[in-house]
Amino acid sequence: MRYFDHVATNPLLPEVLDAMMPYFKEQFGNPLSPYDLGIAAKMAIDDARQRVAELINAKAGEIAFTSSGAEANNFALKGVALAKQQSGNHIITSKAEHHSILNTARSLEKLGFVVTYIPVDKEGLVDPKDVEKAITKDTTIISCAHASSEVGTIEPIKEIAAIAKAHKVTFHVDSVAAVGAIPVDVAELGVDLLSMAAHQFYGPKGAGALYIRGGQRIVPLIYGGIQENGRRAGTENVPAIVGMGKAAELAKRDLTSRMEHVRKLRDKIIDGIGRVENVHLTGHPQNRLPGHASFVVEYIEGEGMLLMLQAQEIVAASGSACTSKALKASPVLTAMGVPSSMAHGSIVFSLGIANTEEDVDALIEELPKIIRRLREISPFGKGGWGKLEPEVEH
Amino acid sequence: MNLKFVENVKADITSDIVYMMCPMHLLKLEEHMKELDSGQVLELLTDYDGALEDIPAWWLKTGNEFIGIDEAEDYYKIYIKKARKTVS
């Protein structure tokens, strides 16, 4: 199988699985237990915390482990909005966020918070000036995605962070698609909170983390014991956390070579698929994730392309996983001004370290044939879509 | 136990544990007491009501000096002075 869906998830690296195994077996202790077995588990998660902190240039005490990137996003937005509600009830985010931010923002609106959703331009970029204009005396938190998993665009996080700081507003960045894919340094970016997920950088599912700058108050999502410095209750998922630590260590070590590898393959895909008639690259042409090539293909559905690619042992995505299931036009593409009819033809190829030139050659060989075939049978096909674009031949 | 209310106490260390779960107030207390020199004052910021009972009890047990409590908008500031010699 040729796997082009690394934004959905990644396989575990063998070293990561090896690091995790003892914690499924003999090292099964509870990190809060005061005897050796518990202490060993506590030391293992502290070590993982240090590795994750090093990946983003934070301090170990600023990392709270969660069950996922989505939990980290929920925790950041709800936790800070609630912690700061004495000083205001206004939240700023963008229209092109992941559902774990958009739906959390909507749930906060039901609790009486007011949310401003900043638009994005046709390449998916947030304009920091729009963020600044939206700030009111009641604004307590701004949340913005670092990079879009759907269109690959990398947002001007440093600029937004400077604006947030100048207005004394807390700034959260959803870096789930960015950590492990591009360099992320919380000190350089100047962010207050940052979400990440282990499986995005070859760690296990079931482990995520939220960076919480020292001194930032946050209301817990899950109450109970004093795990995660009293901020998130529940016995820790020790094997997954250990795996996240190992994956973070490897991501830090190999980041540059991983980026170079996927960038070369991505550029080949953009060049090869971008040539097909009525296929458009989505997202920013330059400021995009190095392993991310996304397109809208006019007159056909993304789902159809995925099925036919699967028959050729090629897998990819069409919009975000949940959007794909709900058969809805992606809110990200809609926010970018892509008409709903075209947004349905979304297709996303995201590369990983195991992808090869041959994978990409196979894709460039097969996809244009599939597009041609689907257009022939599409209700918009032949005469249908020919009427829309009479000058195009295929 | 009568709670003593104070204002404008100068602290050597402030520990902000607002919104952190019980018993973080006791764990942080122990941790900071190790850092402080005798006679220095710890300011503990917490929204946990139970701390109002626990901390004076801890003070009696350990022999450190409980200076008092200052109520902020939605949390408490608790002041403790490290004794010359502590029991635990």
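**Reading the model step by step**

Guide: Let's start in a loop: N57(A) sits between α2 and β2 (63–66) of chain A. Helices (H or I, at least four residues) and strands (E, at least two) are DSSP runs, numbered from the N terminus. One caution: this is a predicted model, where local features need pLDDT of at least 70 and side-chain atom pairs count only at pLDDT 80 or more, while totals for chains, interfaces and linings use all residues. As for labels, residues are numbered from 1 along each chain as its sequence is written, and chains are lettered from A and ligands numbered from 1 in the order in which they are written.

Visitor: What is the phi of N57(A) near?

Guide: Phi of N57(A) is near 60°, a positive value in a residue other than glycine. K168(A) is not a glycine either, and its phi is positive at about 55°. You'll find K168(A) in the loop between α6 (157–166) and β6 (170–174) of chain A.

Visitor: Is K168(A) buried or exposed?

Guide: The idea is to count neighbours: a residue is buried if 20 or more other C-beta atoms lie within 10 Å of its own, exposed if 12 or fewer, and partly exposed in between, with C-beta atoms placed from the backbone. K168(A) has 10 other C-beta atoms within 10 Å, so it is exposed. N57(A) has 15 other C-beta atoms within 10 Å, so it is partly exposed.

Visitor: Which peptide bond is cis?

Guide: Look at chain B: the bond from C22(B) to P23(B) is cis, with omega near 5°. P23(B) belongs to the loop between β1 (13–16) and α1 (24–35) of chain B.

Visitor: Now the bigger picture. What domains does the assignment give for chain A?

Guide: Domain bounds come from an automatic or database domain assignment. For chain A that gives domain 1 (12–251) and domain 2 (255–383). Their C-alpha centres lie 28 Å apart. Domain 1 of chain A brings 23 residues to the contact and domain 2 of chain A brings 22, where two residues are in contact if their C-beta atoms, placed from the backbone, lie within 7 Å.

Visitor: What classes of residue are on the domain 1 side of chain A?

Guide: Here's the sorting: Ala, Val, Leu, Ile, Met, Phe, Trp, Tyr, Cys and Pro count as nonpolar, Asp, Glu, Lys and Arg as charged, and the others, Gly among them, as polar. The side of domain 1 of chain A that touches domain 2 has 13 nonpolar, six polar and four charged residues.

Visitor: How many residues of chain B are in contact with chain A?

Guide: There are 11 from chain B, in contact with 14 residues of chain A. On the chain B side, eight are nonpolar, none polar and three charged.

Visitor: How are α9(A) and α14(A) arranged?

Guide: Axes are lines fitted to C-alpha atoms, for helices over the stretch in contact, and angles run from 0 to 180 degrees between N-to-C directions. Angles under 35 degrees count as roughly parallel, over 145 as roughly antiparallel, 65 to 115 as roughly perpendicular and the rest as oblique. Helix α9 (residues 238–274) and helix α14 (residues 357–377) of chain A pack at about 15°, with their axes 10 Å apart, and are therefore roughly parallel. L265(A), K268(A), I269(A), G272(A) and I273(A) in α9(A) meet V360(A), L363(A), I364(A) and L367(A) in α14(A). That contact divides into seven nonpolar, one polar and one charged residue.

Visitor: What about α10(A) and α14(A)?

Guide: The axes of helix α10 (residues 302–311) of chain A and α14(A) come within 10 Å and cross at roughly 130°, so the pair is oblique. Among the residues of α14(A) that meet α10(A) are I370(A) and L374(A).

Visitor: And α1(A) with α9(A), how do they lie?

Guide: The axes of helix α1 (residues 14–24) of chain A and α9(A) come within 8 Å and cross at roughly 155°, so these helices are roughly antiparallel. Their contact includes A19(A) and Y23(A) of α1(A) and V242(A) and L250(A) of α9(A). By class, that contact has 10 nonpolar, one polar and two charged residues.
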